[in-house]
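Please keep the sequence and the coordinates at hand while reading.

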Amino acid sequence: MTLPAELRAVFLDVGGPVYDDENFVAAVLTALDEMRAAAGQPPVERAAFRAVYDRIRAAQGGSLRTALATELLGDPAARGELHERTREHWLHPAGTAYDDVLPFLESLPDDVVVGVLANQEATVVDALTRDGVAEHVDVWGVSAIVGHEKPSPELFRWALAQAGTDPAHAVHVGNRLDTDVRPAAALGLGTVWVLRGEAPDHPTPEQLAEPDLAVPGLTGLADLLLHSAGV
């Protein structure tokens with residue numbers, strides 16, 4: 001797959017491309033501490049958490065919550081409770097959006113459909129509205145609202161249908177290979193890997209070969225997409 005020669009839609013993940021993934025880290029740490037306290041255990045050691053988190057980031061595959069439940073709670077079956085507790089605490093405070101988000105969105109032509117395509121809670125709409133992002137969004141592919149989660153192809157297909165276009169004319173921008181780049185590429189969308197947040201600190205050559213484009217952030221990305229499309 002290559003980037004579209006005619007760009008009609010850009011879909012954007014939220015955690016990583018738009019907001020700092022440390023928002024999720026704060027939520028899952030709070031959930032872990034609650035669960036350990038309920039079991040009479042001290043708060044999780046932050047270094048131990050980072051070791052698991054960074055390992056999953058580097059691998060770009062596998063379930064972080066399952067690994068955390070197994071290694072830090074001692075029970076892989078606790079994954080479900082960890083997931084639910086994390087959801088309760090997962091917020092995007094003011095000031096945690098990246099500075100390059102609005103300039104990127106403002107640089108896209110008016111006839112390009114912009115969509116959010118993310119595994120997020122419904123409250124993310126309020127955060128994106130507060131931070132001036134929502135006014136640029138045409139398609140709200142938020143998992144908690146739509147009922148599908150990445151990497152399931154249903155969420156991507158839903159977003160394409162809402163945008164009124166096909167995969168060959170769309171690009172997905174995300175910071176994970178397993179839930180962003182690979183499922184989008186499998187359907188024929190162009191892919192952009194943003195190397196921040198849950199992306200690895202030192203991606204391998206093999207990982208960098210997977211997306212159509214890998215970038216450190218969103219600065220200049222609109223120009224790259226439009227140049228590819230001959231605009």
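Gln-60 is located in the loop that links helix H2 (46–59) to helix H3 (64–72); helices (H or I, at least four residues) and strands (E, at least two) are DSSP runs, numbered from the N terminus. The model is a predicted one, in which local features need pLDDT of at least 70 and side-chain atom pairs count only at pLDDT 80 or more, whereas totals for chains, interfaces and linings use all residues. Residues are numbered from 1 along each chain as its sequence is written, and side-chain values use heavy atoms, with hydrogens and water left out. Although Gln-60 is not a glycine, its phi is positive, at about 55°. Gln-60 counts as buried because its relative accessibility is 2%; buried means under 20% relative accessible area, exposed over 50%, and partly exposed in between (1.4 Å probe, protein chains only).

The loop between helix H6 (124–130) and strand S3 (139–142) holds Asp-131. With a relative accessibility of 19%, Asp-131 is likewise classed as buried. Its side chain forms a polar contact of 2.6 Å with that of Tyr-19. Such a contact is a pair of N or O atoms within 3.5 Å; within protein, one must be able to donate a hydrogen and the other to accept it, and residues adjacent in sequence count only if both atoms are side-chain atoms. When neighbours within four places in sequence are set aside, Asp-131 is in contact (heavy atoms within 4.5 Å) with Tyr-19, Ala-97 and Leu-102.

A further loop runs between helix H7 (143–146) and helix H8 (153–163), and Gly-147 lies in it. Gly-147 is exposed, since its relative accessible area is 59%. The C-alpha atom of Gly-147 is 9.8 Å from that of Asn-119, a residue 28 positions away along the chain.

Helix H9 (residues 177–187) contributes several buried residues: Leu-177, Asp-178, Thr-179, Asp-180, Val-181, Pro-183 and Ala-184. Their cover includes H8, strand S4 (170–174), strand S5 (190–194) and helix H10 (205–208). After H9 comes Gly-188, which has a positive phi near 100°.

Strand S6 (residues 213–215) includes Val-215, which is buried because its relative accessible area is 7%. Between the C-alpha atoms of Val-215 and Trp-193, 22 residues apart along the chain, the separation is 6.3 Å. Beyond its neighbours within four places in sequence, Val-215 is in contact with Val-192, Trp-193, Val-194, Leu-195, Leu-221 and Leu-224.

Turning to the whole, the protein contains 11 helices and 6 strands. Its radius of gyration is 18 Å, close to the 17 Å that the globule rule gives for 231 residues, so the protein is as compact as a globular protein of that length. This radius is taken over C-alpha atoms, and the rule is 2.2 Å times the number of residues to the power 0.38. Along the principal axes, the C-alpha atoms fill a box of roughly 60 × 40 × 30 Å. Of the 231 residues, 50% count as buried. Among contacts with a separation of 6 or more, 64% involve residues 24 or more positions apart.
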